[in-house]
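I'd like to walk you through one structure, piece by piece. Here it is on the screen.

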Amino acid sequence: MKYLVTLFWTYILGQVVCYLGSALNSGTYDFKLSSIISLIVGVIIILIAEVATPKKKHA
């Protein structure tokens with residue numbers, strides 16, 4: 001469930017950032033490209049979180 005929440009919010013925030021960035025640069029907003037970039041960044045964040053957190057040892 002935490003992965004879905006992470007991907008959802010990464011997707012939403014990525015869309016907002018891409019929209020604002022294109023508006024500030026007087027460029028065009030590309031929904032497909034910003035969706036792909038958002039989801040890739042979300043997967044990278046999940047992978048970093050899995051690698052960076054220490055594993056619990058069972059006694």
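Let's start at S26, which sits in the loop between helix 1 (2–24) and helix 2. When I say helix, I mean a DSSP run of H or I with at least four residues, while a strand is a run of E with at least two, and both are numbered from the N terminus.

Before I go on, some housekeeping. This is a predicted model, where local features need pLDDT of at least 70 and side-chain atom pairs count only at pLDDT 80 or more, while totals for chains, interfaces and linings use all residues. Residues are numbered from 1 along each chain as its sequence is written, and side-chain values use heavy atoms, with hydrogens and water left out.

Back to S26. Is S26 buried or exposed? It counts as exposed, because its relative accessibility is 69%. The cut-offs are these: buried is under 20% relative accessible area, exposed is over 50%, and partly exposed is in between, using a 1.4 Å probe and protein chains only. S26 also has a phi near 55°, which is positive even though the residue is not a glycine. For background, most residues other than glycine have a negative phi.

Now let's zoom out. The chain has two helices and zero strands. Its C-alpha atoms fill a box of roughly 60 × 20 × 15 Å along the principal axes. The radius of gyration is 15 Å, whereas a compact globule of 59 residues would come out near 10 Å. That radius is taken over C-alpha atoms, and the globule rule is 2.2 Å times the number of residues to the power 0.38. Of the 59 residues, 15% count as buried. The chain exposes about 5100 Å², with carbon and sulfur atoms supplying 76% of that. Those areas come from the Shrake-Rupley method with a 1.4 Å probe, and for residues only the protein chains shown count as cover.

What does UniProt list for residues 34–53? An unreviewed entry there gives "transmembrane region" for that stretch. UniProt positions are in the numbering used here, feature names are shortened, and annotations may be inferred rather than shown by experiment. In the model, residues 34–53 are 95% helix and 0% strand, and the end C-alpha atoms are 28 Å apart.

T10 is in helix 1, and S38 is in helix 2. Why does S38 count as buried? Because its relative accessibility is 4%. T10 counts as buried too, because its value is 14%.

Setting aside neighbours within four places in sequence, S38 is in contact with T10, Y11, G14 and Q15. Contact means heavy atoms within 4.5 Å. T10 and V41 are 31 residues apart in sequence, yet their C-alpha atoms are 7.4 Å apart in space.

Both of these residues also reach a backbone oxygen. A polar atom of the S38 side chain lies 2.6 Å from the backbone oxygen of S34, and the T10 side chain reaches the backbone oxygen of T6 at 2.6 Å. A polar contact is a pair of N or O atoms within 3.5 Å; within protein, one must be able to donate a hydrogen and the other to accept it, and residues adjacent in sequence count only if both atoms are side-chain atoms.

Beyond its neighbours within four places, S35 is in contact with Y11 and Q15. L39 is in helix 2, residues 31–52, and is partly exposed, with a relative accessible area of 37%. L39 touches L7 and Y11, not counting residues up to four places away.

Last stop, the rings. How many aromatic pairs does a search of the whole structure find? Two. F8 and W9 have ring centres 5.3 Å apart and planes at 80°, so that pair is edge-to-face. Rings of Phe, Tyr and Trp (its six-membered ring) pair if their centres lie within 6.5 Å; planes under 30 degrees apart count as stacked, over 60 as edge-to-face and the rest as tilted. Y19 and Y29 are also edge-to-face, at 5.5 Å centre to centre and 80° between the planes. This pair links distant parts of the chain, with Y19 in helix 1 and Y29 in the loop between helix 1 and helix 2, 10 residues apart.
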